[in-house]
Amino acid sequence: MKIIVAPSAGFCFGVKRAVNMALEAAEQCKPSEILNTLGPIIHNPQVVKSLEDKGVFSTDDIDKSRFDTILIRSHGVKAETMETLKSKGVKIIDATCPFVKKAQNYINTAALNGYFIIMVGDKNHPEVQSVISFAQKDRFLVINKVEDLKNVPLSEKIAVISQTTQDVNFYKNIVYEIKKIAKEDVVIFETICDATIDKQEESKVLASNVDVMIVVGGYNSANTNKLQNICKAIQPNTYHVETENELKAEWFVNAKSVGITAGASTPDWIIEKVLKKIQDMEENAVKR
Ligand code: SF4
């Protein structure tokens, strides 16, 4: 059985950078200092646990928790949260991904120029909440389906922006629909990041050429779930696992080829364990 791992599988640039910044900060921290991340550093419980083992815990409540240093994860934070943190006088390590920062700046500028903002993404996702906080109050809409466009104020100038991990084709389709109905100026920001584009393209090609597709990543990871949907639409034998323990031998019966891809928050060591377990399953099946 041929097993192919997508070259872009696993940590993206922004996540790698944030995790390294957290590890570096943990090493430099004095024993008496408390270092927290604002929310789990990435959507992967195994990585969060390994940071906890090094004394880096996550907090969601900056008013109730006590910490000396706070690390902002790659998703960024709401503009007002950043202001509150600054007013507390704690040390801030800002690991916001530069692609997310760029999206925040685009929205800020568009809002200041009087544009109504439409953000295509999941309104509950921390990245979307951080980026959209740079729009002006009540002058934005977060949408994740074409039907939501009925709520767009058509008499306004509109700026359209995407969550960095959005499905490229879905975003193109939404932009097309907006341009069709808009009555005023429309500005489109291309904010899907390079890592997402590469991952989606490679996963599509891989899913088209294998008998079974395995997508590795946290069940709460938006970009992993998107990859799973993209692969499943091409290869129905697509399975999403968080670790090697969820793999089932029956998925690989009669399979001649298996593809493995992984979300932006999946560390290499989990991908390697998944690969090894599939190889072991194959060996065991041959011996029987
Ligand atoms: S997925 Fe893209 S935007 Fe998000 S952290 Fe990774 S590189 Fe940055």
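The area buried between domain 1 and domain 3 is about 720 Å², and carbon and sulfur atoms give 53% of that area, where buried area means the accessible area, taken with a 1.4 Å probe, that two parts lose on being put together, summed over both. Please keep in mind that this is a predicted model, in which local features need pLDDT of at least 70 and side-chain atom pairs count only at pLDDT 80 or more, while totals for chains, interfaces and linings use all residues. Residues are numbered from 1 along each chain as its sequence is written, and side-chain values use heavy atoms, with hydrogens and water left out.

Of the area that domain 1 buries against domain 3, Thr196, Gln200 and Lys226 supply 47%, more than any other three residues. The domains themselves are domain 1 (2-10 + 194-287), domain 2 (13-96) and domain 3 (99-188), with bounds that come from an automatic or database domain assignment. Between the C-alpha centres of domain 1 and domain 3 there are 31 Å, and nine residues of domain 1 are in contact with nine residues of domain 3, contact being heavy atoms within 4.5 Å.

What kinds of polar pairing does the rule find across this interface? There are three residue pairs in polar contact, both residues at pLDDT 80 or more, whereas the number of salt bridges is zero. A polar contact is a pair of N or O atoms within 3.5 Å; within protein, one must be able to donate a hydrogen and the other to accept it, and residues adjacent in sequence count only if both atoms are side-chain atoms. A salt bridge is a side-chain nitrogen of Lys or Arg within 4 Å of a carboxyl oxygen of Asp or Glu.

On the side of domain 1 that touches domain 3, the elements giving two or more residues are helix 7 (194-209) and helix 8 (222-234), and helix 7 gives the most, with five residues. Helices (H or I, at least four residues) and strands (E, at least two) are DSSP runs, numbered from the N terminus.

Is Thr191 buried or exposed? Thr191 counts as buried because its relative accessibility is 4%, and the term buried means under 20% relative accessible area, exposed means over 50%, and partly exposed lies in between, with a 1.4 Å probe and protein chains only. The side chain of Thr191 reaches the backbone oxygen of Ser162 at 2.8 Å, and, leaving aside neighbours within four places in sequence, Thr191 is in contact with Ala103, Tyr106, Ile161, Ser162 and Thr164.

Another buried residue is Val215, at 0% relative accessibility, and Val215 lies in strand 10 (residues 212-216). Although Val215 and Tyr239 are 24 residues apart along the chain, their C-alpha atoms are separated by 6.1 Å. Beyond its neighbours within four places in sequence, Val215 has contacts that include Leu227, Cys231, Tyr239 and Val241.

Finally, we come to two loop residues, each with a positive phi. Asp138, in the loop between helix 5 (126-132) and strand 7 (140-143), has a phi near 60 degrees, a positive value in a residue other than glycine, and Asp138 is exposed, with a relative accessible area of 63%. Asn254, in the loop between strand 11 (238-241) and strand 12 (257-262), has a phi near 70 degrees, and at 71% relative accessibility Asn254 counts as exposed.
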